[in-house]
Every structure is written in C-alpha cells, then in structure tokens.
Amino acid sequence: MEQERAAEEVKEQVVEERAEETKPEEKEEKKTAKHKAAAKKDKAQEKLKILEAEKEEYLNALQRERADFENYKKRNATLAASSFQNGVADTVMVILPILDNFERALAAECGDKAFFEGMTMIMRQMQDALRNLGVEEIGADGQFDPEVHNAVMQVEEEGFETNQIVEVLQKGYSLNGKVLRHSMVKVAK
C-alpha cells in the first residue's frame, strides 16, 4: 500500500510538473488571444466610428437636399402664380384699348335702340369678365394722386381746387392692386 501511495505521489508530481511546463505556453497563448481580441475590438470600434461619421454626413446631405427641394417647389409655385398674373396683365393690356373704343362708341348717338342695347350688353360682359380677373377701374374723382394718375394737362378752372382732377382723358386700371395703366387726367392749377 505504501508503494501504491508512493507511486500515486510520483504520478501526481509528474502531472504537476507537466502542468507547470504547459502553463507558460498556455499563458502566452491566452495573452496572444487577448491581444488579438482587443485588437479586433479596437478595429471594430474604429470602423463603427467611421460608419457613424459617414451616416451623419449622408443624413446631413439628405436633409440639405430635402430643404433645397422644398425651396425649389416653393419657388416654382411662386413663379407659376406670377407667370399667370403676368399673362393676365398682358392680356388685359391688349383688351383695354378695345374697352376704351367701346365706351367711345356707346357715348355717341345711335338711332337704332336694339343695336345700342346689344352693344351695352357686350360692354357689361367685358367689364364683368375683367372684374372676375381682378381688374378694377382706378377712381379719378377728387385729388390728383401721382401713384395712380398721370397728369397730362394743367388748366385754370373755376370751382376746382389746386391739384383737383378736372377731367379724365383715359381711364386707368389696376389688377389685384397693381396699377396696369395710370389714369390720364387734366388737373386744376
């Protein structure tokens, strides 16, 4: 039994010696593995930071593009509206001389009552159509206003104050508050 014990002790010593011999190698392998894992982790974190920076860059670019597109849409909507208004203004400017001639024709004497009434109806239709487009006649009663009137003559007239409108030579019109044609007027000195 003692021999068996002694044999077991020898075996244990041999196992311990072998374990001690392999421990430094294992330690070195473990250290190397730890360094590799740490290096992988550092690389992963570095790559993550780079990807985060790229993500932020792309997000900022997208937000700028969206803002630019919204501004583009607003600009185009404004441009379309102003283009329409400019088209209406150009068309009205072509029609105004025709309206002036209608007024002159209706001011003349006419022997045919039916013809006169027909011309009056056409004149009203034209005025209504212009009114629906936002065209308004500029009032020429009272004092001269250089913003809406164009004084082409000054006369001394009794019963009128200085700068008071004596006579309207040509009616003026505005489109949605913007003067299309100034009223040509004669004013008192």
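**Group meeting: a walk through the chain**

Hi everyone, let's start with the surface: the chain exposes about 15,300 Å², and carbon and sulfur atoms supply 53% of that area. Please keep in mind that this is a predicted model.

Now the overall form. A compact globule of 189 residues would have a radius of gyration near 16 Å, whereas our chain comes out at 49 Å. The C-alpha trace spans about 155 × 45 × 25 Å along its principal axes. Of the 189 residues, 16% count as buried.

What is the chain built from? There are two helices and six strands, and along the sequence they follow the pattern α-α-β-β-β-β-β-β. Looking at contacts with a separation of 6 or more, 58% are between residues 24 or more positions apart.

Next, the inside. The largest nonpolar core has 15 residues, and Val-92, Leu-99, Leu-130, Val-135 and Leu-175 touch the most other members. Which elements give two or more residues to this core? They are α1 (2–107), α2 (113–132) and β4 (172–175). Helix α1 gives the most, with seven residues.

Let me zoom in on Leu-99. Leaving aside residues up to four places away in sequence, Leu-99 touches Met-123, Met-126, Gln-127, Leu-130 and Tyr-173.

Met-153 sits in strand β2, residues 149–155. Why does Met-153 count as partly exposed? Because its relative accessibility is 40%, and partly exposed covers the range between under 20% for buried and over 50% for exposed.

Notes
Residues numbered from 1 in each chain as written. Predicted model: local features only at pLDDT ≥ 70, side-chain atom pairs only at ≥ 80, totals over all residues. Heavy atoms only, no water. Core = buried A, V, L, I, M, F, W, Y, C linked by side-chain atoms within 4.5 Å. Buried < 20%, exposed > 50% of the residue type's maximum accessible area, 1.4 Å probe, protein only. Helix = DSSP H or I, 4+ residues; strand = E, 2+ residues; numbered from the N terminus. Contact = heavy atoms within 4.5 Å. Rg over C-alpha atoms; globule rule 2.2 N^0.38 Å. Areas by Shrake-Rupley, 256 points an atom, 1.4 Å probe, with all protein chains shown as cover.
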